[in-house]
Amino acid sequence: MAAGRMQWLSLALAASLTTLLSASAAQPGLGFGYYKTTCPGAERIVFSETTRIVRASPDLAASLLRLHYHDCFVQGCDASVLLDSTDGTPAEKDAKPNESLRGFDAVARVKDKLEKACPATVSCADVLALMARDAVVLSKGPSWPVALGRRDGRTSSAGNCGQLPPLYGNITAMIEVFAGKGLDVKDLVVLSAAHTLGKAHCSSFADRLYNGSTCSTDPTLDRRYADRLRMRCRGPGDSGDAMAEMDSGSCSTFDTSYYRQVAKGRGLLRSDAGLMEHPVTAAYVRRAATGRYDGHFFRDFRDSMANMGAMGVLTGDQGEIRTKCNIVN
């Protein structure tokens with residue numbers, strides 16, 4: 001209990017210090033301390049409830065971070081990923097790239113707490129941004145102040161999920177997708193480290209183990225690592241529940257171990273391995289892999305999360321504040 005209180009105090013201190021900075025420090029349309037008068041306990045409520053959720057199910061930390069990521073890359077950070085499908089119109093959450101998303105119930109639980117304290121005040125989009133930050137903190141990662149004031153979108157379409165970075169994309173495709181969202185190559189290599197948390201289903205990486213008619217292994221994959229993966233993933237058509245840790249041996253801790261794995265040819269996904277194919281991303285991976293620049297990486301991650309969290313946001317009188325995150329008002 002004391003540890004949880006200390007973590008919350010560190011978040012509160014970071015937020016307080018940030019409010020002393022000039023307003024220009026926040027992303028356009030967003031602000032620090034946004035709910036200071038309308039719902040002063042908002043961030044504390046989110047952190048307290050997220051703490052209970054992650055302690056009960058540690059795997060959800062990765063899921064909450066991934067929800068925010070998948071939300072922002074499709075029509076901006078507007079909580080459209082949380083909306084249910086309607087008759088004849090499948091929503092984002094039912095698109096193929098989002099089939100393995102989890103954490104929807106956790107978000108609804110936090111939103112219900114906020115509605116009891118401050119009805120129709122805190123947006124679902126802001127809840128996603130705060131829960132993603134808190135999930136990282138609860139996984140022994142860095143904290144950062146989150147600029148708030150996002151509004152919730154009223155539409156969600158599975159057809160828009162082509163905007164997501166391709167799961168099997170090479171580094172060129174990844175750079176193009178990120179650039180299309182206003183993010184640069186550094187943002188790409190930094191945000192990829194979110195894969196230090198969580199696991200991936202066999203279908204996400206089987207193509208690297210059983211490639212083509214010869215079922216050859218991706219040559220960029222460490223051979224011993226590939227052998228271990230084959231013990232979990234039995235073939236290219238394996239559609240079972242088999243999973244592998246994204247950051248082998250450290251998938252519950254937010255750290256730079258991910259970069260050490262990628263540098264050794266043990267990046268699980270093709271997009272992870274692709275970081276070694278570009279001079280800028282490869283240099284960043286090798287530097288972070290030394291373990292001597294963790295503080296620098298944590299600051300970079302904070303900055304890149306702020307960049308991503310400001311993509312395509314609705315503010316002012318745009319959109320709405322949903323009372324239930326899965327349906328429009």
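1. A disulfide (a pair of cysteine sulfur atoms within 2.5 Å) joins C39 to C118, with an S to S distance of 2.1 Å. The link is right-handed, at 75° about the S-S bond. C39 sits in the loop between helix 1 (2–19) and helix 2 (42–56) and C118 in the loop between helix 4 (104–117) and helix 5, so the pair ties together parts 79 residues apart in sequence. Helices here are DSSP runs (H or I, at least four residues), numbered from the N terminus.

2. A word on the source: this is a predicted model, where local features need pLDDT of at least 70, side-chain atom pairs count only at pLDDT 80 or more, and totals for chains, interfaces and linings use all residues. Residues are numbered from 1 along each chain as its sequence is written, and side-chain values use heavy atoms, leaving out hydrogens and water.

3. Now to helix 13 (residues 294–309), with its 16 residues. Its buried residues (under 20% relative accessible area, 1.4 Å probe, protein chains only) are F297, D300, F301, S304, M305, M308 and G309. They cover an arc of only 160° around the axis, which puts them on the same side of helix 13.

How values were computed. Helices (H or I, at least four residues) and strands (E, at least two) are DSSP runs, numbered from the N terminus. The expected span of a helix is 1.5 Å times one less than its number of residues. Buried means under 20% relative accessible area, exposed over 50%, partly exposed in between (1.4 Å probe, protein chains only). The arc is that of the directions from the helix axis to the C-beta atoms.
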